[in-house]
Amino acid sequence: MTKTSLSNNIVILGAGGLIGSALFNHFKKEGKDFVCGTKRSGLSEDFLYLDTTDVQSVAEFPWDKFNIVIDCTGNIDYGNENAVLQRNLEMNVLGPLRIIDKLNAKHHYYYLSSHALLLPREQYNSYLLSKSYFEEIAS
């Protein structure tokens, strides 16, 4: 991971997931100057540790090294039990809010969500409710 210029410093949050890994691999293949991913495990040279459920982890993350933040983090669980709803809210609402709180005017923040938000609201489950709730309060 070699830093070249701040104008091209991209961090892909959740690069261990389906969407995040596809974006990370795309940017690396395209030869972008400085692309870094985040994961909660399986770290290597191109990946930094970040757990958005941990306030300290978010606070200690080197946000100043990046100006493009692509957020692919999230918890996908469709269950309606209280524990599932709590985990979805923690990952899909509080996590992104913690991230936004650490960014400033130099950062460009992109939040990638689910196509499932296009479904009628009566079909929502705890996952979809958490994603829609974040989008409503963040907009």
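Are Phe24 and Phe47 buried or exposed? In this predicted model, Phe24 is buried, and Phe47 is too.

Strands of a sheet pair through backbone hydrogen bonds. Here, strand 1 (residues 9–13) and strand 2 (residues 34–39) run parallel and are joined by 4 bridges. Look at Ile10: its bridge partner in strand 2 is Val35.

Now turn to the rings. A pair of aromatic rings is described by the distance of the centres and the angle of the planes. The whole structure holds 5 aromatic pairs. One of them joins Phe24 and Phe47, with 4.7 Å centre to centre and 35° between the planes. This pair counts as tilted. It links distant parts of the chain: Phe24 sits in helix 1 (residues 18–29), Phe47 in strand 3 (residues 47–49), and the two are 23 residues apart. Lys39 lies over the face of the Phe47 ring, 4.2 Å from the ring centre.

Another pair is formed by Phe61 and Phe66. These rings are stacked, at 6.0 Å centre to centre and 20° between the planes. Phe61 and Phe66 are both buried. Trp63 joins the picture here: ring pairs link Phe61, Trp63 and Phe66 into a cluster.

Technical notes. Residues numbered from 1 in each chain as written. Predicted model: local features only at pLDDT ≥ 70, side-chain atom pairs only at ≥ 80, totals over all residues. Heavy atoms only, no water. Phe/Tyr/Trp six-rings, centres within 6.5 Å; stacked < 30°, edge-to-face > 60°. Buried < 20%, exposed > 50% of the residue type's maximum accessible area, 1.4 Å probe, protein only. Lys NZ or Arg CZ within 6 Å of the ring centre and 35° of its normal. Pairing = 2+ DSSP bridges.
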